[in-house]
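Open the model in your viewer and keep the selection tool at hand. The tour goes from one selection to the next and says what to look for at each stop.

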Amino acid sequence: MTLSTEATTAEYADRALAGGIKPRRWGSWYIAEHRFRGMRAYYQTILATSIGNPLVYLFALGVGLAALVPQGIPNGSGTISYLAFVAPALLATAAVTVAAEESTYPYMMGFKWNPIFFAMNAAPISGNQIANGMIISIVGRILPTTAIYFVVMVLFGAVPSSLGVLGILTATLTGLAISVIISMYTAGIEEDKGQMAMIMRFGITPMFLFSGTFFPLASLPWFLQWIGWISPLWHGTELGRVLSYGYPEPAWLTAVHVVYLVGLSVLGWMLTQRVISKRLNK
Amino acid sequence: MPPATRRGVLGSLYAGNARSVISRGLLATRSTNYLVVLSGFFEPIFYLLSMGLGLGALVGTVATTTGQEVPYAAFIAPALLAVSAMNGAVYDSTWNVFFKMNYSKLYQGMLSTSLGPLDVAFGEILLALLRGAMYAVGFMIVMQALGLNLAWTALLALPAVLLIAFGFASLGMAITSYMKTFQQMDWIAFVMLPMFMFSATFYPITVYPVAIQWVVQALPLWHGVELVRGLTTGALSDAMWGHVLYYVVMIAIGLVFTTKRLKALFLD
């Protein structure tokens with residue numbers, strides 16, 4: 001090794017600044033890459049659940065439970081098979097499940113258990129970029145999951161309309177909306193007191209059960225229907241139904257679904273950025 | 001003063017002191033995760049409300065194994081009870097045990113005292129049962145209030161639920177002793193989901209072809225669901241003794257297996 005005496009302090013500073021240019025520009029994608037590489041640790045279960053879950057749910061609900069509802073579900077002037085009715089709901093639910101999984105523990109990991117977010121932030125990567133990277137990686141996991149789900153739905157003959165393929169995007173949007181709402185909460189958790197279990201138990205599970213997933217929302221007593229109206233999952237499911245089999249609903253309501261999901265996504269994304277940046281700069 | 005050394009066939013395994021393992025578990029629950037434990041009660045209630053009210057409106061009545069027509073909510077409520085017994089027992093005997101085994105090194109500490117592996121196994125399993133019993137009593141009260149207990153034999157569903165929980169807890173702990181990473185733990189959920197969906201929980205298994213019916217009937221949850229459903233709807237049959245026997249065997253295998261594993265891991 002030769003000792004370089006040539007370089008001056010100014011040159012070192014230039015070099016250091018030059019090294020920061022790329023991370024400053026592409027930092028969000030670096031963080032996403034970091035997460036994707038982290039997912040390799042559990043890629044086997046990701047793969048198994050991505051393929052296994054649609055098989056199990058579509059078979060159990062679309063085929064098994066459908067035997068108890070042979071008359072189908074009222075749809076405008078006619079009816080639609082129970083399988084076609086439940087499939088778009090299960091697609092959106094799959095997106096939400098992955099969103100919840102990836103928006104809880106990974107934040108606890110990054111901030112608390114293995115506080116790598118602070119290290120990233122000490123390098124020239126901003127809090128907003130960390131937020132973006134996390135959200136990109138979450139969407140990056142939801143999209144293939146819903147795509148695989150959709151393929152299985154087609155194999156089951158559960159998608160009457162070719163427009164149904166757009167359900168992959170609306171389901172992913174539903175997942176994104178949920179993910180950023182959970183993220184802005186989990187990114188702020190300082191003390192682990194079982195909040196994750198609570199999110200699942202009092203957030204995700206009731207949302208899954210009371211969002212018109214297994215039956216039209218109107219079958220529920222009126223005092224439970226409001227859960228559906230505020231639930232992103234209900235909006236995502238109804239959108240999926242419109243696309244998949246032409247569920248008749250007024251155009252303004254379809255527009256409300258889209259606006260609601262996009263609105264939540266944008267708002268939640270901004271708030272997640274804020275929570276993360278604030279915590280890192282404390 | 002009793003002698004300091006243990007005697008008898010189980011002398012090397014059992015110090016007759018499982019209660020100290022239980023009291024430690026209760027103390028830990030009270031100080032750290034009682035909210036998580038308490039809130040577990042609500043999950044089956046949510047399922048009952050959603051499926052019973054919403055889906056029940058579409059389905060009407062369903063025939064049980066003995067041919068009795070019951071309202072849909074009365075059909076799924078006992079299944080949810082059996083499932084919550086399974087979930088509680090499996091959660092307690094897998095994730096909890098996994099942490100205690102690999103992270104807090106709790107069992108190493110316990111086994112370096114006079115406690116033996118059978119004390120630890122018994123203590124942990126009874127702790128899981130206590131939690132299961134708590135959920136079951138709560139759920140049975142809700143069922144009673146909604147008029148879903150159709151016969152007096154519903155009272156016997158309580159011991160039945162404990163039997164189911166005991167079976168899953170003892171076997172779950174044995175399986176967990178082989179798990180080394182979080183990722184391996186995910187496979188437990190992967191096995192439990194299809195069992196939950198296919199075990200005559202939401203619809204009778206007669207909708208399947210005969211070959212699939214056999215597979216389902218080989219799985220433990222189906223026996224639990226049938227047993228509890230028979231008791232709460234009053235559709236009794238001799239087959240129920242078979243379900244009980246299934247769990248007795250499962251418990252015996254699980255206990256022997258768990259004790260052996262703990263001994264192999266920490267004492268040999």
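Contact, as the word is used on this tour, means heavy atoms within 4.5 Å. The model is a predicted one.

**Stop 1: H3 and H7 of chain A**

Select residues 43-64 of chain A, which form helix H3, together with H7(A). The two helices pack at an angle of about 40 degrees, and their axes are 9 Å apart. The crossing of H3(A) and H7(A) is right-handed. To see where they meet, show the side chains of Ile46(A), Ser50(A), Ile51(A), Asn53(A), Pro54(A), Leu55(A), Tyr57(A) and Leu58(A) on H3(A). On H7(A), the partners are Arg141(A), Thr145(A), Ile148(A), Tyr149(A), Val152(A) and Met153(A). By residue class, this contact between H3(A) and H7(A) has 10 nonpolar residues, three polar and one charged.

**Stop 2: H7 and H12 of chain A**

H7(A) contributes Gly127(A), Asn128(A), Ile130(A), Ala131(A), Asn132(A) and Ile135(A) to the contact. From H12(A) come Trp269(A), Thr272(A), Gln273(A), Ile276(A), Ser277(A) and Leu280(A). The residues in the contact of H7(A) with H12(A) are six nonpolar and six polar, with no charged ones.

**Stop 3: aromatic rings**

How many aromatic pairs does a search of the whole structure find? Over all chains there are 29. For one of them, select Phe99(B) and Tyr103(B), whose ring centres are 5.5 Å apart with 45 degrees between the planes, a tilted pair. Phe99(B) is partly exposed at 38% relative accessibility, and Tyr103(B) is also partly exposed, at 48%. Next, select Phe202(A) and Phe210(A) with Phe41(B), Phe42(B) and Phe46(B); ring pairs link these residues into a cluster.

**Stop 4: Gly234 of chain B**

Finish at Gly234(B), in the loop between helix H9 (220-233) and helix H10 (239-266) of chain B. Is Gly234(B) buried or partly exposed? Its relative accessible area is 33%, so Gly234(B) counts as partly exposed. Leaving aside residues up to four places away in sequence, Gly234(B) touches Gln68(B), Ala151(B), Thr153(B) and Arg229(B). For a distance check, pick the C-alpha atoms of Gly234(B) and Ser104(B): these residues are 130 residues apart along the chain, and the atoms are separated by 46 Å.

Definitions and conventions:
Residues numbered from 1 in each chain as written. Chains lettered and ligands numbered in written order. Predicted model: local features only at pLDDT ≥ 70, side-chain atom pairs only at ≥ 80, totals over all residues. Heavy atoms only, no water. Helix = DSSP H or I, 4+ residues; strand = E, 2+ residues; numbered from the N terminus. Nonpolar A, V, L, I, M, F, W, Y, C, P; charged D, E, K, R; others polar. Phe/Tyr/Trp six-rings, centres within 6.5 Å; stacked < 30°, edge-to-face > 60°. Buried < 20%, exposed > 50% of the residue type's maximum accessible area, 1.4 Å probe, protein only. Axes fitted to C-alpha atoms, helices over the stretch in contact; angles between N-to-C directions. Left-handed = near helix turned anticlockwise from the far one by under 90°.
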